[in-house]
Amino acid sequence: IEKLWSGFFILLFLISLYSIAQFLWGIDLFHSKQTVWPAIGGGVYRAPGLFNSSLTFAYVIGGFGLIGAGRLWALPIKEWLKNWPWILGFAGALIGCLTSLTRGSWIAAFLAAAIVLFFVKPRRLLAFVIVAALTASAGMLASGGLRDRITSIFDSKYTSNVHRTIIWRANWEMFKDHPVRGLGYGLNSFLANDYFDKYMNFNPEQSEEFF
């Protein structure tokens, strides 16, 4: 099992290097249709790795990267070099999430890592926050595309954020109406338009267009 994980993390790191090429030049060697899309603002691309979606790539590589990180956090720092494939796995995940330009994966990875460190190695939490801040700062300086994506997280008027807020509000109202038994799995999407009409002052045409 140890050898399998080591080999897998080396592969993960190589895929992350490929994602850098996708990020910079938009290349895709494994798909017949376009899967690498330009970032809003231009200049760079949203890397999908070996998948056909940058979101799928980010969440898969990020999840595996946290496994590598968890192994390192459980060990004294002086023993990290002995587990260098796990370092590659964590580094590959960091690179992959950044090149995918998937904001949700950045937030998810940061929060998951911070929560785990709080319980496992709380003394390392401050160092982690500093490294995360430096990584974000370096990304903003190195790429306009990264800078736009990072700053858009905190922009309440950013189109994607506005859309998410409306969807969350509608689903929160559904929960308030059905707090115990719920609506049934997957049925919220069928009722979304009704809640857009009711709580967002949309007319039916606006609700349908937004949905």
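Visitor: Why does Phe110 count as partly exposed and not as buried or exposed?

Guide: In this predicted model, Phe110 has a relative accessibility of 33%, and since buried means under 20% and exposed means over 50%, Phe110 counts as partly exposed.

Visitor: What makes Phe128 count as buried?

Guide: The relative accessibility of Phe128 is 16%, and because the cut-off for buried is under 20%, Phe128 falls into that class.

Visitor: Why is the aromatic pair of Phe110 and Phe128 called stacked?

Guide: The structure holds 12 aromatic pairs, one of which is formed by Phe110 and Phe128, with 5.4 Å centre to centre and 25° between the planes.

Visitor: How do you know that the pair of Trp172 and Phe175 is stacked?

Guide: The ring centres of Trp172 and Phe175 are 5.3 Å apart and their planes lie at 25°, which is under 30 degrees, so the pair counts as stacked. Both residues lie in helix H7 (residues 159–177), three residues apart, about one turn of the helix. Trp172, with a relative accessible area of 49%, is partly exposed, because the class of exposed begins over 50%.

Visitor: What makes the contact between Arg71 and Glu2 a salt bridge?

Guide: Their side chains meet at 2.9 Å, N to O, and because the limit is within 4 Å, the contact qualifies. Arg71 lies in helix H2 (residues 54–73) and Glu2 in helix H1 (residues 2–25), so the pair ties together parts that are 69 residues apart in sequence.

Visitor: How do you know that the charged end of Arg71 sits over the ring of Trp86?

Guide: The charged end of Arg71 is placed over that ring, 4.4 Å from its centre, and the distance limit for such a placement is within 6 Å. Trp86 also belongs to one aromatic cluster with Trp5, Phe8, Phe9 and Phe64.

Visitor: Why is Glu173 called buried?

Guide: Glu173 has a relative accessible area of 5%, and because buried means under 20%, Glu173 is buried. The side chain of Glu173 meets that of Arg169 in a salt bridge of 2.8 Å, N to O, and Glu173 forms another with Lys176, where the closest N and O atoms are 3.4 Å apart.

Technical notes. Residues are numbered from 1 along each chain as its sequence is written. This is a predicted model: local features need pLDDT of at least 70, side-chain atom pairs count only at pLDDT 80 or more; totals for chains, interfaces and linings use all residues. Side-chain values use heavy atoms; hydrogens and water are left out. Rings of Phe, Tyr and Trp (its six-membered ring) pair if their centres lie within 6.5 Å; planes under 30 degrees apart count as stacked, over 60 as edge-to-face and the rest as tilted. Buried means under 20% relative accessible area, exposed over 50%, partly exposed in between (1.4 Å probe, protein chains only). Helices (H or I, at least four residues) and strands (E, at least two) are DSSP runs, numbered from the N terminus. A charge sits over a ring if NZ of Lys or CZ of Arg is within 6 Å of the ring centre and within 35 degrees of the ring normal.
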